[in-house]
Amino acid sequence: MSRYVISLGGNALGNNAEEQKELLKQVAKPIVDLIANWHEVIIVHGNGPQVGMINLAFNNDNVPDMPFPECGAMSEGYIGYHIQNAIDNRLNELGIHRPVSTIVTQVVVDKNDPMFLNPTKPIGKFYSKEKSEEIAAKTGYIFKEDAGRGYRRVVPSPLPIDIVEKESIAKLVENKHVVICAGGGGVPVIKNEEGSLIGVAAVIDKDFASAKVAELTHSDYLVILTSVNNVCINFNKLDQKELGEISASKLKEYVKEGHFAKGSMLPKVEACLKFLQTNPQATAIISSLENASLAVKEKAGTIIKEY
């Protein structure tokens with residue numbers, strides 16, 4: 001029996017609630033295969049489009065403004081419900097009983113993290129330059145151009161340093177619960193001078209949050225499921241090469257050589273390396289949703305080990 005942290009990328013969640021529910025029916029299958037074989041499973045998911053849409057839904061004259069941490073908590077709740085529902089239904093189809101629980105998770109960040117001075121994490125939908133300037137004038141939001149596709153709101157993306165509910169997560173997993181936690185990276189909180197936790201307007205990268213969950217729960221596997229089958233070097237070039245099983249030290253060399261894009265593959269690779277640094281006996285895997293069933297068995301994807 002092994003303990004897995006499964007990190008679901010945004011392509012597992014679709015563009016709206018109905019599409020999300022349909023996609024998660026397929027995502028549930030490899031997860032339930034692990035559960036059926038008595039492995040312990042923790043699930044983390046993204047929420048970038050969803051949390052932005054929730055925030056904007058409250059941005060009108062008829063509804064009081066909703067603080068961003070509360071929007072993150074809302075997204076954890078409804079996305080967690082959809083994941084719970086998909087897994088519960090699949091378990092019922094197979095006649096398996098395992099409790100499935102979502103935990104609204106507070107993730108501690110450093111109030112002095114330099115990322116607070118340089119918001120980079122895009123959330124919500126794309127706008128024209130004119131529309132983004134109009135919204136910025138009304139709300140004070142910061143917008144940046146995103147890969148030629150338009151302008152999106154950006155918020156800081158500090159690194160996670162602790163998880164408030166880590167003991168609850170560990171106890172549930174030890175008692176054979178499937179746990180969904182740290183959705184969208186969790187609700188970022190800082191500690192004030194009195195030691196109280198205060199929510200802040202930020203988005204923690206869900207892959208770094210997944211690595212922190214895996215670290216604090218002493219997991220055997222961190223599996224990041226995304227839109228590509230493997231990590232590649234020389235991506236989109238004639239000499240592109242897919243990486244299969246690879247050592248952490250060799251992958252670090254590729255990072256230094258600049259093979260991975262900051263907004264896409266780099267955080268996934270760095271999250272895996274951070275996890276393996278804290279648990280050298282573990283395994284990290286990056287693969288596609290389509291290959292998830294094989295990836296969790298180390299038969300597909302980029303398989304990273306500390307040797």
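Tyrosine 127 stands opposite tyrosine 151 in β7. The structure is a predicted model, in which local features need pLDDT of at least 70 and side-chain atom pairs count only at pLDDT 80 or more, while totals for chains, interfaces and linings use all residues. Residues are numbered from 1 along each chain as its sequence is written, and side-chain values use heavy atoms, with hydrogens and water left out.

β5 and strand β7 (residues 151–155) are paired in the antiparallel sense over four bridges; two strands pair if DSSP finds at least two bridges between them. Strands (E, at least two residues) and helices (H or I, at least four) are DSSP runs numbered from the N terminus. β5 and β7 belong to an open sheet of three strands with antiparallel pairing, in the order β5-β7-β6. From one strand to the next the twist averages 40 degrees. Helix α2 (residues 48–57) lies across β5 and β7 and runs at about 65 degrees to β5. Axes are lines fitted to C-alpha atoms, for helices over the stretch in contact, and angles run from 0 to 180 degrees between N-to-C directions.

Glutamate 145 has its place in strand β6. With a relative accessible area of 41%, glutamate 145 is partly exposed; buried means under 20% relative accessible area, exposed over 50%, and partly exposed in between (1.4 Å probe, protein chains only). Not counting residues up to four places away in sequence, glutamate 145 touches Gly150 and Tyr151, where contact means heavy atoms within 4.5 Å. A distance of 9.4 Å separates the C-alpha atoms of glutamate 145 and proline 122, which are 23 residues apart along the chain.

A further open sheet is formed by four strands in the order β8-β4-β10-β11, with mixed pairing. Its edge strands, β8 (160–163) and β11 (197–199), each pair on one side only. The twist in this sheet averages 45 degrees from one strand to the next. Three bridges join strand β10 (residues 187–191) to β11 in the antiparallel sense, and lysine 191 has leucine 197 in β11 as its bridge partner.

Strand β2 (residues 40–45) is mostly covered, with six of its six residues buried. Both faces are covered: Glu40, Ile42 and Val44 are buried on one side, and Val41, Ile43 and His45 on the other. β2 pairs in the parallel sense with strand β1 (residues 3–8) over six bridges, and glutamate 40 in β2 is the bridge partner of arginine 3. β2 also runs parallel to strand β9 (residues 178–181), to which two bridges join it. The bridge partner of isoleucine 43 in β9 is isoleucine 180.

Helix α1 (residues 17–36) packs against helix α3 (residues 68–93) at an angle of about 50 degrees, with the axes 8 Å apart. That makes α1 oblique to α3, since angles under 35 degrees count as roughly parallel, over 145 as roughly antiparallel, 65 to 115 as roughly perpendicular and the rest as oblique. The crossing of α1 past α3 is right-handed; a crossing is right-handed if the near helix is turned clockwise from the far one by less than a right angle, and left-handed if anticlockwise. Residues of α1 including Leu24, Ala28, Ile31 and Ile35 meet residues of α3, among them Ile79, Ile83, Ala86 and Ile87.

Helix α7 (residues 248–256) and α8 pack at an angle of about 145 degrees, with their axes 11 Å apart, and α7 passes α8 in a left-handed crossing. Ala248, Leu251, Lys252 and Val255 of α7 make the contact with Leu266, Val269, Leu273 and Leu276 of α8.

A nonpolar core is a set of buried Ala, Val, Leu, Ile, Met, Phe, Trp, Tyr and Cys residues joined through side-chain atoms within 4.5 Å. The largest such core has 43 residues, of which Cys181, Leu251, Phe260 and Ile304 touch the most other members. Helix α8 (residues 265–278) gives the most to this core, contributing eight residues. A second, separate core of 30 residues includes Ile31, Ile35, Ile180 and Leu289. Apart from neighbours within four places in sequence, isoleucine 304 is in contact with residues including Ile246, Leu251, Cys272, Leu276 and Ile286.
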